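Subject: Structure handover

Hi,

Here is the structure I promised you. Please open it next to this email, then read on for what I found.

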Amino acid sequence: MRLATAANEVYKASLAVSELLGCKQCGGGRGQDEELGIRIPRTLGHGPSRFIPEKEILQVGSEDTQMHALFADSFAALGRLDNITLVMVFHPQYLESFLKTQHYLLQMDGPLPLHFRHYIGIMAAARHQCSYLVNLHVNDFLHVGGDPKWLNGLENAPQKLQNLGELNKVLAHRPWLITKEHIEGLLKAEEHSWSLAELVHAVVLLTHYHSLASFTFGCGISPEIHCDGGHTFRPPSVSNYCICDITNGNHSVDEMQVNSAGNVSVSDSFFEVEALMEKMRQLQECRDEEEASQEEMASRFEIEKRESMFVFSSDDEEVTPARDVSRHFEDTSYGYKDFSRHGMHVPTFRVQDYCWEDHGYSLVNRLYPDVGQLIDEKFHIAYNLTYNTMAMHKDVDTSMLRRAIWNYIHCMFGIRYDDYDYGEINQLLDRSFKVYIKTVVCTPEKVTKRMYDSFWRQFKHSEKVHVNLLLIEARMQAELLYALRAITRYMT
């Protein structure tokens, strides 16, 4: 397939710097770049992810038939094979659904013009200071004919897009504050007003890119070599290594400088897995023996909701957005705050009163046909995805653990399931894992490699990527529930 071949060549081209730099070990000649009169950049990162060793990520050219087709589809749709795709391909079934949904949102028939779609993607990613996504969509925005002046700052975009800034801000950081008044303000802005169909398209795009920013930071996605931060002209200051290896990201300084003080013994991390599986077994036995009352279930939800407010990272300092990102949104000081702080009480969002399956799905599908179906499929794949493994164990039912992760995220957003025992969350999710979850979902720009390394230390990287898929889909659904409920209230 020509597209697949093209994708392969594009990716290999970004790694082929060694052919020009050369070295004694590989037999390549030196000085070829000088003869050409050009400076050759080298990749600054070490593969698609800063958190996952490159040797553990599928290499283009070694994929099976299904993944080969996915790479070709990604290249055909985006004109590139980006690092997000190369990490998501740990889970091909999800990646296929993700690419199909994103392609529909950005390129197929819909209420919004193409340049608006990419600009909304820029606005959404910028709220989390995700320069990786901002850079990709700046290029896409210009490619589809977007006005370069808009990129100088949100104030240079049309008033209609500027009006979306408030919804973008609240949806990204405190979605429980969205009201029908936010919706009314956008739909009744005279000559700058949005139609209901346009607004639903915009809301889906905003939630998609807020969540994708979480995935980008949560998996430590590295910039592509052609983007800001993806390359350098400085030679690596590491001795005794082939410059070709370093250029291609086969060795990282992190791998070479082992800090024994921060290491955790294999036996300790093995014990963590065994302890988690034992807790799952005990909880299943308790479920079989007795069922808590509705009052007790409600009480446990309130306890977990309060406790979630006190989960925060030791790296919880403010992150100042760079100018090239912050110009795409207003009110740079506005960020995540727990919903019960500042002396205000936010009513619990009961899924029994308004849920995705019975309410949100049909509203999206009515106003933006087929998108509800695509999003629903993506939610179900992420939630139900399992290989029945946990670290070194096989034939494991992981449904209890997956539900605890999903419901913990919704709990942080004030969303409650009446039929779920929130006491299970504290049994299954330890503090380091909760810190990682809350940071990825609420303040992804603050995620560090230390946080990624500190939870589930015996689990495979593919399992941690799966965790991130659960996090971003649960987050997207939570944001959608609040926005769509506000739209429904406006319509009624």
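H6 and H19 pack at about 155°, with their axes 9 Å apart. H6 and H19 are therefore roughly antiparallel to each other. Their crossing is left-handed.

Please keep in mind that this is a predicted model.

**Confidence**

The mean pLDDT of the chain is 81. Of its residues, 75% reach 70 or more. Two stretches need care. Residues 1-34 stay under 50 in pLDDT. The model still has 54 contacts for them beyond four places in sequence. Residues 230-263 are also below 50, and here the model has 60 contacts beyond near neighbours in sequence. Where pLDDT is low, the predicted coordinates should not be read in detail.

By element, helix H2 (residues 18-21) has the lowest mean pLDDT, at 36. Helix H12 (residues 196-218) has the highest, at 98.

**H6 against H19**

On the H6 side, the contact uses Gln-93, Tyr-94, Ser-97, Phe-98, Lys-100, Thr-101, Tyr-104 and Leu-105. On the H19 side, the partners are Val-371, Leu-374, Ile-375, Glu-377, Lys-378, Ile-381 and Ala-382. By class, that gives nine nonpolar, three polar and three charged residues.

Which residue does Lys-100 form a salt bridge with? The partner is Glu-377, and the closest N and O atoms are 3.4 Å apart. Lys-100 sits in helix H6 (residues 92-107) and Glu-377 in helix H19 (residues 371-384). The two residues are 277 apart, so this pair links distant parts of the chain. Side chains of opposite charge can pair when their charged atoms come close. The count of salt bridges comes to 14.

**H4 against H6**

H6 also packs with helix H4 (residues 65-78). Their axes come within 11 Å and cross at roughly 15°. H4 and H6 are therefore roughly parallel to each other. This crossing is left-handed.

H4 brings Gln-66, Met-67, Leu-70, Ser-74, Ala-77 and Leu-78 to the contact. H6 brings Pro-92, Gln-93, Leu-95, Glu-96, Leu-99, Gln-102, His-103 and Gln-107. The tally is seven nonpolar, six polar and one charged. Gln-93 of H6 is listed in the contact with H4 and in the contact with H19.

**H20 against H24**

How do the axes of H20 and H24 cross? Helix H20 (residues 399-412) and helix H24 (residues 461-491) have axes that come within 9 Å and cross at roughly 40°. That angle makes H20 oblique to H24. The crossing is right-handed.

From H20, the contact takes in Arg-402, Ile-405, Trp-406, Ile-409 and His-410. They meet His-466, Leu-470, Leu-471, Glu-473, Ala-474, Arg-475, Gln-477 and Ala-478 in H24. Seven of these residues are nonpolar, three polar and three charged.

Best wishes

Conventions. Residues numbered from 1 in each chain as written. Predicted model: local features only at pLDDT ≥ 70, side-chain atom pairs only at ≥ 80, totals over all residues. Heavy atoms only, no water. pLDDT = per-residue confidence, 0-100. Helix = DSSP H or I, 4+ residues; strand = E, 2+ residues; numbered from the N terminus. Contact = heavy atoms within 4.5 Å. Axes fitted to C-alpha atoms, helices over the stretch in contact; angles between N-to-C directions. Parallel < 35°, antiparallel > 145°, perpendicular 65-115°, else oblique. Left-handed = near helix turned anticlockwise from the far one by under 90°. Nonpolar A, V, L, I, M, F, W, Y, C, P; charged D, E, K, R; others polar. Salt bridge = Lys/Arg side-chain N within 4 Å of Asp/Glu carboxyl O.
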